[in-house]
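The exercises below are to be worked through with the sequence and the coordinates at hand. Each task is followed by a stepwise solution.

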Amino acid sequence: MGNSLPQVNLTRSEATATTTTAMTTATNGASHPTKLKKSRSLREYTRSTSLMNSSTNNSIKRNISLSRPRSMAPSDAEIIDIRALRCALPLADNPSEDGISTTAATNTNNEGENRLLTQLDYIQSCVRKDKGLFGMMTENLQSKHIFSNDEPENTHILDRTPQDFNMDYQSIYLQTPDGEFIHAYWIYHSIEQISTTTTLLYLHGAGGNISHRLEVVRLFYENLHCNVLIIDYRGFGKSTGSPSELGLYIDAQTGYDYLIYKQKINPDNLIVFGTSLGASVAIQLVSDPLNRAQVAIFENAFISVPEIAKYFLTYAKSVIGVTKSIGFIYLFDSLPKVRRIECPCIYLTGLLDPIIPTWMSSTLYNDTRAARKRHLFEYPFGKHNDLPIMPEYFENIQSFINELPRTKSSDG
């Protein structure tokens with residue numbers, strides 16, 4: 001799949017971003033404004049809000065239940081309880097007789113749970129809470145088109161494993177804070193060097209399952225010489241539950257927590273990668289300042305579901321003319337979030353993408369102004385699913401990483 005014709009790789013750096021218009025002509029020939037209104041679900045959240053202080057605010061309503069289990073636990077692979085990892089009592093196995101160790105452990109437990117609840121509160125603030133009458137009537141239709149988690153046929157059967165691509169791996173389930181079991185492949189180069197090897201969290205797009213992405217994962221594994229954690233969101237592949245915008249955000253946070261708390265990956269060695277729908281999930285993940293990363297990579301990212309709907313649903317054009325979020329249950333509204341991202345970012349887009357208008361990556365890139373470093377790479381012959389085989393794709397990523405300043409913690 002892909003185009004092997006000679007290509008010229010176009011790049012756009014931060015230095016030239018201010019002179020580049022964020023308005024291009026999309027596939028339907030229409031022009032689009034550079035400024036989009038924030039979704040209703042995000043208006044109340046501001047970057048100045050103290051996330052750490054919010055965890056101690058008694059007036060905060062906890063919208064994510066931590067009572068579990070929610071789904072039946074699978075039995076075909078190891079299960080890692082992420083909440084237990086984050087809120088573990090490090091001294092509970094060896095308490096002292098005077099009770100000091102127990103007190104310290106309890107404080108650690110409370111701090112871990114408060115931090116987790118703070119992040120879940122932030123996730124909840126970024127999704128739409130009211131479905132509305134039209135939304136409830138079309139919920140199944142919207143879910144089918146956005147997630148496509150039951151396509152193609154037999155998509156819940158994994159027909160290949162990383163071993164088929166000569167990669168060492170573990171098949172695992174990650175139990176989310178709300179009780180779902182997320183299936184994942186933990187793919188590594190050397191167990192002894194996991195903490196010092198660059199690790200990539202791979203967040204895939206709509207449809208299919210993690211076994212369908214292994215050929216692409218192998219390209220990252222070999223070209224960037226990195227470990228890879230790839231997860232199936234709830235309702236995808238062998239994961240339990242049903243997909244939703246809130247659920248996907250929790251699943252990504254769960255995958256991130258596995259790498260940080262279980263594999264002890266230093267955030268300065270962590271790459272967060274998302275493609276298409278996964279790019280929106282990745283943007284959400286790194287927009288939380290509590291989630292640090294060496295670099296975040298967004299491939300063929302889109303601004304929001306309502307903006308994408310303009311190109312595929314005739315009725316949406318007139319509806320969005322009144323308010324861009326009316327009738328949509330799932331927004332995946334990335335524009336307000338990229339303004340809060342501080343880690344280095346790479347945007348990758350194919351100029352022949354028939355699904356996502358390429359001007360959306362430009363708009364998101366131009367608004368990622370708080371990032372310490374950013375770059376937009378455009379591939380003239382790239383489509384929606386074939387960017388990793390484009391010339392200089394991995395060279396561009398590696399050169400961007402090589403130019404990042406070294407941090408003291410990256411070696412520790």
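Is Glu-403 buried or exposed, and what is its relative accessible area? The model is predicted, so local features need pLDDT of at least 70 and side-chain atom pairs count only at pLDDT 80 or more, while totals for chains, interfaces and linings use all residues. Residues are numbered from 1 along each chain as its sequence is written, and side-chain values use heavy atoms, with hydrogens and water left out.

**Exercise 1. Classify Glu-403 and describe its salt bridge.**

Step 1. Buried denotes under 20% relative accessible area, exposed over 50%, and partly exposed the range in between (1.4 Å probe, protein chains only). Glu-403 has a relative accessible area of 53% and is therefore exposed.

Step 2. A salt bridge requires a side-chain nitrogen of Lys or Arg within 4 Å of a carboxyl oxygen of Asp or Glu. The partner of Glu-403 is Lys-373, with the closest N and O atoms 3.5 Å apart.

Step 3. Glu-403 belongs to the segment after helix 14 (393–402) and Lys-373 to the loop between helix 13 and strand 10, so the pair ties together parts that are 30 residues apart in sequence. Lys-373 is partly exposed, at 23% relative accessibility. Helices (H or I, at least four residues) and strands (E, at least two) are DSSP runs, numbered from the N terminus.

**Exercise 2. Determine where the salt bridges of Arg-218 and Arg-292 are placed.**

Step 1. The whole structure contains 10 salt bridges. In one of them, the side chains of Arg-218 and Glu-222 meet at 3.4 Å, N to O.

Step 2. Both of these residues lie in helix 7 (residues 214–223), four residues apart, about one turn of the helix. An α-helix has 3.6 residues a turn, so residues three or four places apart point the same way. Arg-218 is partly exposed at 23%, and Glu-222 is likewise partly exposed, at 47%.

Step 3. Arg-292 and Asp-268 form a salt bridge at 3.3 Å, N to O. Arg-292 sits in the loop between helix 9 and strand 8, and Asp-268 in the loop between helix 8 (245–262) and strand 7 (270–275), so this pair joins parts that are 24 residues apart in sequence. Arg-292 is partly exposed at 42%, whereas Asp-268 is buried at 13%.

Step 4. Asp-178, Arg-234 and Asp-251 are linked in a network of salt bridges.

**Exercise 3. Explain why strand 9 is largely enclosed, and identify the strands paired with it.**

Step 1. Six of the six residues of strand 9 (residues 345–350) are buried, so the rest of the structure largely encloses this strand. One face carries Cys-345, Tyr-347 and Thr-349, and the other Ile-346, Leu-348 and Gly-350.

Step 2. Pairing requires at least two bridges found by DSSP between two strands. Strand 8 (residues 295–299) runs parallel to strand 9 and is joined to it by four bridges, with Ile-297 opposite Ile-346.

Step 3. Strand 10 (residues 374–379) also pairs with strand 9 in the parallel sense, over six bridges. Here Ile-346 stands opposite His-375. From strand 9 the chain passes through helix 13 (residues 359–367) to strand 10 in a right-handed β-α-β crossover (clockwise from the first strand over the helix to the second, with the strands pointing away from the viewer).

**Exercise 4. State how many residues of helix 9 are buried.**

Solution. In helix 9 (residues 277–287), 11 of its 11 residues are buried; among them are Leu-277, Gln-284 and Ser-287.
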